[in-house]
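This report walks through the packing of one protein model. Start with the sequence and coordinates below.

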Amino acid sequence: MPDFVGAVDQGTTSTRFMIFDHAGNEVARHQLEHSQILPRSGWVEHDPVEIWERTNSVIQNALRHGNLDASDLAAVGITNQRETTVVWDPRTGRPYYNAIVWQDTRTDSIAAALERGGQGDVIRRKAGLPPATYFSGGKIQWILENVDGVREAAEQGHALFGNTDCWVLWNLTGGPDGGIHATDVTNASRTMLMDLETLDWDDELLGFFNIPRAMLPTINPSSHPEAYGRTRTSRPLREAIPITGVLGDQQAATVGQVCFAPGEAKNTYGTGNFLVLNTGTELVRSQHGLLTTVAYQFGDSPAVYALEGSIAVTGSAVQWLRDQLKIISDAGESERLARTVEDSGGIYFVPAFSGLFAPYWRSDARGAIVGLARYHDNGHLARATLEAICYQSRDVVEAMEQDSGVHLDVLKVDGGVTANDLCMQTQSDVLGVPVSRPVVAETTALGAAYAAGLATGFWRDTDELRTHWQESKRWEPQWSEERRAEGYAGWKRAVERTLDWEKVE
């Protein structure tokens with residue numbers, strides 16, 4: 001058997017290809033950013049063709065950097081930004097419209113109408129999700145209703161839908177020449193269209209959005225030896241390599257963090273924050289603003305479920321400091337700037353650029369900086385930005401403990417922001433629990449590789465994967481209980497100031 005497994009990690013701001021050895025160590029990688037298209041306030045789009053071109057490039061370059069051939073790969077996994085919606089013509093491979101990104105809020109009137117009409121309760125019960133702009137169903141409906149000719153094409157079988165995992169898979173396996181139109185249970189669980197109990201598309205849910213079933217991909221387990229086909233030799237790998245694992249990015253990070261037991265949780269810090277708690281084969285329906293979702297399904301084993309707290313803007317708030325305010329030149333500078341002051345000086349930054357996700361689910365919210373005095377400078381704002389990442393995570397942890405009764409003893413963390421020591425120390429201080437980062441912090445790609453490798457026997461089982469996990473660094477809480485309570489109370493007051501700002505029709 002070949003010595004390595006590869007993983008496509010198609011994210012919100014970039015696409016990378018990473019290659020891992022049997023011990024779970026990174027052997028090679030290449031990464032490229034893609035354009036963020038912002039046509040108007042609240043709208044966020046990507047060019048699917050650009051994403052596919054970037055996928056081609058990163059695969060080729062990662063192999064070259066590792067001095068490897070495609071034949072050195074035992075399997076390939078795919079992980080992706082979830083909910084980001086692509087609709088394309090299978091005859092030509094051309095998208096009918098740009099990908100509508102998970103952050104996009106143009107479907108707020110669709111979500112509000114579902115809530116008013118009473119369908120929201122059905123969506124919560126069947127799909128485990130609230131009606132929200134976040135998920136794919138409303139985005140598909142918007143494209144069908146607003147892009148000329150797509151409704152007719154869909155009814156004639158000439159329009160396919162997929163989140164970006166589906167788009168990448170279809171292209172890797174041949175595109176218009178026999179590409180496989182499939183997804184996994186984790187991505188399907190983010191659409192508002194799949195029943196969590198049957199793990200299949202639900203006709204009643206499809207009817208709420210007037211979506212033809214023929215548009216939708218086949219739903220498969222997250223890890224399976226035969227579900228996703230092989231790469232075509234004309235594609236970037238130049239070899240028929242089995243694609244045997246597909247996972248939405250946050251579920252992939254859960255697998256990469258080896259959270260295989262009920263009660264284990266991880267928090268991924270990327271464009272947004274996503275805290276996932278394994279609840280085992282039991283469906284736990286949230287009463288406190290969290291999502292019930294599929295964590296993973298390996299082969300023919302039962303699906304494992306999770307509670308998830310999804311936060312829209314965390315790492316992207318740091319990007320905002322860089323790209324819009326231009327007070328830093330790179331993400332790493334946010335820590336250096338924040339360390340120029342002892343604390344945030346009493347200011348709070350609530351980055352509700354796309355409304356608030358868990359546990360609030362308020363599309364009417366917009367970003368706010370409160371508590372400003374002339375005394376404050378850019379260091380205080382940088383520090384408040386890092387604190388906002390941590391306070392939003394506490395909101396989710398509080399809701400998770402109420403829903404599950406599980407009190408975290410330690411929070412496993414991963415993602416790019418974990419390189420920021422000050423932010424991770426603040427996270428431990430805000431939560432009052434230790435924060436632990438693994439040696440391989442980019443666990444999203446690792447989780448996709450694990451799913452692919454398990455399906456082919458490259459790794460024996462999840463117990464073997466546990467032996468690969470190693471802690472790189474741990475942060476212990478340093479704040480007093482009084483300071484922790486006072487800071488969180490201020491955060492809650494700041495959140496209140498952001499609500500009822502945008503009118504939702």
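## Met215 and the cores

Met215 is in contact (heavy atoms within 4.5 Å) with Val87, Ile140, Leu144, Ala154, Ala159, Leu160, Phe161 and His181, leaving aside its neighbours within four places in sequence. Together with Tyr134 and Ile211, Met215 touches the most other members of the largest nonpolar core, which has 100 residues. Such a core is a set of buried Ala, Val, Leu, Ile, Met, Phe, Trp, Tyr and Cys residues joined through side-chain atoms within 4.5 Å. Buried means under 20% relative accessible area, with exposed over 50% and partly exposed in between (1.4 Å probe, protein chains only).

Helix 12 (residues 378-404) gives the most to this core, with 12 residues. Another core lies apart from it and has 32 residues, including Val58, Trp170, Tyr228 and Ile243.

## Basis of the model

The model is predicted: local features need pLDDT of at least 70, side-chain atom pairs count only at pLDDT 80 or more, and totals for chains, interfaces and linings use all residues. Residues are numbered from 1 along each chain as its sequence is written, and side-chain values use heavy atoms, with hydrogens and water left out.

Helices (H or I, at least four residues) and strands (E, at least two) are DSSP runs, numbered from the N terminus.

## Strand 8

Strand 8 (residues 160-163) is covered on both faces. Leu160 and Gly162 are buried on one side, Phe161 and Asn163 on the other. In a regular strand the side chains alternate between the two faces of the sheet.

Strand 6 (residues 85-88) runs antiparallel to strand 8, and four bridges join them. Two strands pair if DSSP finds at least two bridges between them. Val87 has Phe161 as its bridge partner in strand 8.

Seven strands form an open sheet of mixed pairing, in the order 16-17-15-14-20-21-22. Strand 16 (291-296) and strand 22 (471-475) are the edges, each pairing on one side only. Neighbouring strands are turned by 30° against each other on average, direction ignored.

Helix 13 (residues 421-431) packs on this sheet. Helix 13 touches strand 14 (265-269), strand 20 (411-414), strand 21 and strand 22, and its direction makes about 55° with that of strand 22. Strand 21 (residues 435-438) and strand 22 run antiparallel, joined by four bridges. The bridge partner of Arg437 in strand 22 is Lys473.

## Helix pairs

Two packed helices are described by the angle between their axes and the distance between the axes. Axes are lines fitted to C-alpha atoms, for helices over the stretch in contact, and angles run from 0 to 180 degrees between N-to-C directions. Angles under 35 degrees count as roughly parallel, over 145 as roughly antiparallel, 65 to 115 as roughly perpendicular and the rest as oblique.

Helix 9 (residues 249-256) and helix 14 (residues 443-456) pack at about 80°, with axes 7 Å apart. Helix 9 is therefore roughly perpendicular to helix 14. The residues of this contact divide into six nonpolar, four polar and one charged. Here Ala, Val, Leu, Ile, Met, Phe, Trp, Tyr, Cys and Pro count as nonpolar, Asp, Glu, Lys and Arg as charged, and the others, Gly among them, as polar.

Helix 10 (residues 315-325) and helix 12 cross at roughly 150°, their axes coming within 9 Å. The two, helix 10 and helix 12, are therefore roughly antiparallel. Ala317, Val318, Leu321 and Leu325 in helix 10 meet Leu381, Ala382, Thr385, Leu386 and Ile389 in helix 12. This contact has eight nonpolar residues, one polar and no charged.
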